Amino acid sequence: ASSLARCDATLSDTISKTSRLADIDWDNLGFHFMPTDYMYIMKCPHGGNFSKGELRQFGNIELSPSAGVLNYGQGLFEGLKAYRKQDGNILLFRPDENALRLRMGAERMCMPAPTVEQFVEAVKNTVLANEHWIPPTGKGSLYIRPLLMGSGPVLGIAPAPEYTFLIFVTPVGNYFKEGIAPINLVIETDVHRASPGGTGGVKSIGNYAAVLQAQTAAKAKGYSDVLYLDCVHKKYLEEVSSCNVFVVKGNVIATPAITGTILPGITRKSIIDVALNQGFEVEERLVTVDELLNADEIFCTGTAVVVSPVGSITYHSKRMSYGDGRIGNVSQQLLTALTKLQMGLVEDNMDWIVEL
Ligand code: COI
């Protein structure tokens, strides 16, 4: 009887999965959470190492109300994508870079972290287990969200006694509701995303909670998102809530240097190399807000946003516009070069692609 019951459960799981998959509108994915089949979990017990990771059916997890991540924000996340190639094979983009960044962040947040090999292996296994949820070629990607958290109980401020590494995935399309159309940003002068000596340079979960108030206010006024300035001089560009920013002027492309308050984006780093390969000059330096006035094009980069063109930036109620409602030539050129690589449409001379 119990094996019959198990068989029934498997059958009903399959039916519900098939109907959930059939319900997906692959042409209008957007960037929203959708439950998939499996998640990956690996624990690091007190004084031990990460080991014995496993795939589990996707679902809620249990945490002590006293968990370090819930009380003191001891947590990091990552983001990367899997693409389905035309021949059906699955491609990951630079997963080792995410692993390394997680390890850097873990040091800052006083957490143990999986090795690069453990991380990449876990990502591969999670993607393969959820293979049906990878959008058809050209319709989007499978967004992979690794989390690292202090899951053990604490009361006073202290590193948690136990850690959990978890990966879930969800199919996604465009991040911004504008789709591929240029986004409209507003510069927030009184709210800052990060401060020197803080955690702006790592993917600490709290960095993203800190932008919600300004982002919500900006969206209520019709803007797509907020562009933040440095908190000391209030005149140097930092980044947008979820992405890095680039300023194009002629053949020169400038982006804020990684100074500790800027998130070292993997798309940022990749676009710099792609731009250099295409003959552009790239400058990583302090970029002043005044440079926005004379810029030819502005674009944002990130795993979620890929390369998103900016149509306007509003600063002290003054609106600066770029392009004519369409993506600029340089932004388009870089977007095309990057996505062709990510989707396996051109040869990968950079050794960035991991094929599953
Ligand atoms: C990503 O681009 O993957 C990010 O981590 C940004 C996130 C806030 C959506």
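Predicted model: local features only at pLDDT ≥ 70, side-chain atom pairs only at ≥ 80, totals over all residues.
Student: Which residues have the most contacts inside the largest nonpolar core?
Tutor: Ile144, Leu148, Leu185, Leu227 and Ile298, in a core of 86 residues. Such a core is a set of buried Ala, Val, Leu, Ile, Met, Phe, Trp, Tyr and Cys residues joined through C-beta atoms within 7 Å. Buried means 20 or more other C-beta atoms within 10 Å of a residue's own, exposed means 12 or fewer, and partly exposed is in between, with C-beta atoms placed from the backbone.
Student: Which strand gives the largest share of this core?
Tutor: Strand β7, residues 163-172, with seven residues. Strands here are DSSP runs of E, at least two residues, and helices are runs of H or I, at least four, numbered from the N terminus.
Student: Switching topic, where is Lys203?
Tutor: Lys203 is in the loop between β8 (183-188) and α5 (205-209). UniProt, in an unreviewed entry, lists Lys203 as "modified residue: N6-(pyridoxal phosphate)lysine"; such annotations may be inferred rather than shown by experiment.
Student: Is Lys203 buried or exposed?
Tutor: Buried, because 25 other C-beta atoms lie within 10 Å.
Student: And Gly138, buried or exposed?
Tutor: Exposed, because Gly138 has 12 C-beta neighbours inside 10 Å. Gly138 is in the loop between α4 (116-129) and β6 (141-150).

Note on methods: Residues numbered from 1 in each chain as written.
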